[in-house]
Structure formats: structure tokens, C-alpha cells
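Please look over the sequence and the model below before reading on.

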Amino acid sequence: MAPIIPISSPIGAGYWGDITASVDWCEENYTWTPYIAEFFNSWSSVSMILLGEACARMNPTNHRGFTLLGRSITIVGLGSWLFHATLKYSMQMTDELPMLWAISIACYLTITTQYKNVDEQKLKWALVLWTALVSLFTAGFSGKLQFFLFQASFNGLSLVMVYLCWRAKRELEEAGMSHVAGLFARGAKCYAVAAAFWLVDTNLCSYVNGQEGSVLPFNVQLHAWWHVLASLGLVYLVILMMGHYCFVKNIPFKLRNICVIFPYIHAN
């Protein structure tokens, strides 16, 4: 997939200099301040920081893995902010590599919860070695190849997670816990919309950037909306994982909604 070339920088050259990242998103660079390349893409990353920390703090399972998962999402948000603010390759790695480690942690937690006979130590080291290898390949290449390697690796494990979360949902439904199982559909819907925004922003930029030839009068910042909606979808799925773990381990818990859309889980 070819990188998106920025149209212009109306306020002049940016503080961070030449773009070295393997991809430049649809948002026009340095339009609001010379210190932030992609203003909306940067600040929308704060949603990951806040929601990741929320997941870490509401953990009712007493399993440190879920706290680590929440903190890894927070780190992804910090890396995303740095990446979009600078469009530097080194900062791109602070965004993408933590995403690989976060999805590996999620896989470990769901597999060990759902498959009681799995060798946890072997699984842990298999995931560590796989993630380390993919991280080396991701960081060791640039341009289109780097972009493809990261997307293939991350999205491959994401599909595994979708299946595992679906299995958790089905088991919760069979146990009469439809209010917890419903988090799967809510998370999937958020992710589906977010993914559609990401694909349009990445592949059809010239049609949605508000410039000449665009079907829209202004750039609606679809990549920024991807950050917000993907973060919210991720919260639904992480809390689904926590609820399923509590169910399997017979840990009493309660689930309620804050301001309708935000789920909150806590020990009973």
C-alpha cells in the first residue's frame, strides 16, 4: 500500500523535519502548529491512553496479566501520539511494536482461560518468541514492506482474538450471562465502523480530504475517529475477557454502564 503524500504545510516547515515514517496518513501536516504533524490524529490517541488505564484500574480478576494488558494499551496510545505528532520512523515503532505485544498478551490470557489443559509456560514462551521475531522484522524493514509485515502480523492475531472472544461470548450466553456476552457485539460493531474509517482514510484519501476532487467539503479526520472507536471497541472486548475469566474462576463481579456507552466491571 503506497504511503499517502501530504498536500502542503500551510504554516511552513514542521519542527520535526522530514517525514521518515513508512506511512503518512490523510490528515494534512502541520496545519495547526509547527510542533505537531498530525494534530487530530495525535490528540485522538489520548483515548487509548485513558481507556487503557481505565481497563488496568478496573481489573476485578486479581490476575496481573489483565493489568498488564491495560497498561500495554496505554503505552500504545502514548506511542501513537508520538508517531502522529512527529511522523518519524523511530516514533512509528513506539506505536506499532507495543500493539504487537498487547495483542500477544490478550491471546495468552484468553487461551489460558478457555483451554484448561494448555501448558501455560510453553504458550507464554511461544508467544514471546513469536512477538520478538515479528518485532525484529517489523523494525528491520521500511517502506511498503514494513507496512505490510506489521499489518499482516497484527491483523493475523487480531482474527485469532475475534474467534476467542466469540467463544467466550457463547459460553457466557449458555450460562445465562447475556448482559456480559453482549459486550462482544458492542465491541465488534465499534471495531467494524473503526476499520471502515481506517480503510477509507488509507485508500481513498483524495476523496475525503476536503481538497480538490474530494466528495466532502472538509477533512472529517477518519483516522482520528479510528483511534476513538477502536479504543472503545477494545474496552468492550477486554471487559468481556475479564468477565469470562471471573465466570470461569468463580469470582463474583458486577457489570454496569457509565453514561450508557462505557462499561464498568468490578468485584462484587
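## Basis

The structure is a predicted model.

## Helix α5

Helix α5 covers residues 120-140, which is 21 residues. From its first C-alpha to its last it reaches 30 Å, close to the 30 Å expected at 1.5 Å a residue. At the start of α5, the backbone nitrogen of Q121 has a side-chain oxygen of D119 within 3.2 Å.

Which residues of α5 are buried? They are L123, L127, T131, V134, S135 and T138. These residues lie on the same side of α5 because they cover an arc of only 110 degrees around the axis. The face turned away from this buried side carries K122, L129, L136 and G140, which are exposed.

## A nonpolar surface patch

L133, F137, F141, L145 and F148 make up a nonpolar patch on the surface. Together they have about 480 Å² of accessible area. Helices α5 and α6 (143-174) are the elements that give two or more residues to this nonpolar patch.

One of the patch residues, L133, lies in helix α5. L133 has a relative accessibility of 47% and therefore counts as partly exposed, since that class falls between the 20% limit for buried and the 50% limit for exposed.

S47 belongs to helix α2, which spans residues 46-57. With a relative accessible area of 15%, S47 is buried. S47 and L232 are 185 residues apart along the chain, and their C-alpha atoms are separated by 8.2 Å.

T110 is in helix α4, residues 89-114. T110 counts as buried, at 4% relative accessibility. A polar atom of the T110 side chain lies 2.9 Å from the backbone oxygen of A106.

## Two loop residues with positive phi

L87 is not a glycine, yet has a positive phi of about 55 degrees. The loop that holds L87 runs between α3 (64-86) and α4. Is L87 buried or exposed? L87 is buried, and its relative accessible area is 0%.

N250, also not a glycine, has a positive phi of about 60 degrees. This residue is in the loop between α9 (222-248) and β1 (253-258). N250 counts as exposed, at 69% relative accessibility, whereas L87 is buried.

Note on methods:
Residues are numbered from 1 along each chain as its sequence is written. This is a predicted model: local features need pLDDT of at least 70, side-chain atom pairs count only at pLDDT 80 or more; totals for chains, interfaces and linings use all residues. Side-chain values use heavy atoms; hydrogens and water are left out. Helices (H or I, at least four residues) and strands (E, at least two) are DSSP runs, numbered from the N terminus. The expected span of a helix is 1.5 Å times one less than its number of residues. Buried means under 20% relative accessible area, exposed over 50%, partly exposed in between (1.4 Å probe, protein chains only). The arc is that of the directions from the helix axis to the C-beta atoms. A polar contact is a pair of N or O atoms within 3.5 Å; within protein, one must be able to donate a hydrogen and the other to accept it, and residues adjacent in sequence count only if both atoms are side-chain atoms. Patches are made of residues with over 30% relative accessible area and no salt bridge: like charges are joined within 9 Å, nonpolar side chains (Val, Leu, Ile, Met, Phe, Trp, Tyr) within 5 Å. Accessible areas come from the Shrake-Rupley method with a 1.4 Å probe; for residues, only the protein chains shown count as cover. A salt bridge is a side-chain nitrogen of Lys or Arg within 4 Å of a carboxyl oxygen of Asp or Glu.
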